[in-house]
Amino acid sequence: MLSNMDTPSSAEEMKKPRSIGASSPVNGKQDWDSKKKRKIADITQALSVSPVDVAALRRMAISEGGLLTDEIRCQVWPKLLNVPQNVLEQGPELVERENNKDYNQVLLDVQRSLRRFPPGMPDEQREGLQEELIDIILRVLIRNPQLHYYQGYHDIVVTFLLVLGERLATALVEKLSTHHLRDFMDPTMDNTKHILNYLMPIIEKVNPEVHDFMQQAEVGTVFALSWLITWFGHVLSDFRHVVRLYDFFLACHPLMPIYFAAVIVLYREEEVLECECDMAMVHHLLSQIPQDLPYEMLISRAGDLFVQFPPSELAREAASHESTAASTFKDFDLASTQQRPDSVLRRRRRQRQAAMESSAVKSVVAVAQPSAARRFVRLAVMGLTVALGAAALAVVNTALEWAPKLDLFP
């Protein structure tokens, strides 16, 4: 297990920019253009092999810039969710709206979703998309009567619709709803509350001062509810940021959004601690997400925290029952003989042990930040393990130690 010294200990250190060396804006743009070309080539290569290199696609989705364009997302998102080609090719059936128990609520929510559509879009086009949005939601619910609609679900579905179109969006939203979003679609909010319960233990691991302040203010975790159940789609105004986060979340474990929520709180440490220690004041502060967040840095931090403090390490503090999304993640069945997690996890564990032994003989000065190279290794390993559902319990253990629980290798 990594010590707290391996995590950012303050907002100041979390906000330190990455060292990118001295370069002019022109050179910086040229470097980014070059990186984009390489990434596009890598994605194309991963898609062209048989079987598709899903682990590589996950790494591309996690790494800086994500999947870059909606055209690429149309090709990669179905692979990240392991949706079969024959399902993708199915035309959406007509939806019977009359006497549908969810129709009235869905209609109200969709009518209130104007700001989720691109500004300047002609009314006729937007209204047509809203009709498609209603049909997608009702179609998924009719096909899966065990799922229950919740307010905020439409914020996720509209993102898929705008990126993929109705046919692909229907297939992917259905898969997502029975896996990543499954907890939110229960008859009660018990499992949703359970996931929210992971927020404070993550914050406590990294910054006990912020944790204790929030506990003293009795602010709870309700401020993060809309973040979690909409994958931040409801609270971010820039669609580019929304789809970047969706790249990240689709490539990761279902609990990653709560890690990202924790990173946002930690990033705002100074604002939180300067706030009056009052529930209403702290809740108001935290519920208003700044729109100029350094998303790439926060994505990287969330990945670090997931690797350092996997759900299994936090489960006892979070709650006593297991998350449905975590338990159904095994159904993705993305494992292949070339991408088994056991050897990856053993190697990762040896790397950690070696790093801990090395740091023990050095000065015990706060090692708050993993290097960029180390961070990339962690995220790359996470991409591989998540592709197999290995991250469902812990990255610090070998897959075979917990395989009986998740039945990853039937």
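This is a predicted model: local features need pLDDT of at least 70, side-chain atom pairs count only at pLDDT 80 or more; totals for chains, interfaces and linings use all residues.
Which exposed residues does the face of helix 17 turned away from its buried side carry? They are Ala 280 and His 284, where exposed means over 50% relative accessible area, buried under 20% and partly exposed in between, using a 1.4 Å probe and protein chains only. Residues are numbered from 1 along each chain as its sequence is written, and side-chain values use heavy atoms, with hydrogens and water left out.

- Helix 17 spans residues 279-287, and its buried residues are Val 282, Leu 285 and Leu 286; helices here are DSSP runs (H or I, at least four residues), numbered from the N terminus.
- Where helix 17 starts, the backbone nitrogen of Ala 280 has a side-chain oxygen of Asp 278 within 3.1 Å.

**Where helix 11 meets helix 19**

- Two packed helices are described by the angle between their axes and the distance between the axes.
- For helix 11 (residues 199-206) and helix 19 (residues 311-318), the axes come within 9 Å and cross at roughly 115 degrees; axes are lines fitted to C-alpha atoms over the stretch in contact, and angles run from 0 to 180 degrees between N-to-C directions.
- On the helix 11 side, Pro 201, Ile 202, Glu 204 and Lys 205 take part, and they meet Glu 313, Leu 314 and Glu 317 of helix 19.
- By type, the residues of this contact are three nonpolar, no polar and four charged, with Pro, Ile and Leu among those counted as nonpolar, and Glu and Lys among the charged.

**Backbone features in the loops**

- Most residues other than glycine have a negative phi, and most peptide bonds are trans.
- The Ser 50 to Pro 51 peptide bond is cis, with omega near 0 degrees, and Pro 51 belongs to the loop between helix 2 (25-48) and helix 3 (54-62).
- Asn 82 has a positive phi, near 60 degrees, and is found in the loop between helix 4 (70-80) and helix 5 (85-88).
- Asn 99 also has a positive phi, near 65 degrees, and counts as exposed at 82% relative accessibility.

Notes: Helices (H or I, at least four residues) and strands (E, at least two) are DSSP runs, numbered from the N terminus. A polar contact is a pair of N or O atoms within 3.5 Å; within protein, one must be able to donate a hydrogen and the other to accept it, and residues adjacent in sequence count only if both atoms are side-chain atoms. Contact means heavy atoms within 4.5 Å.
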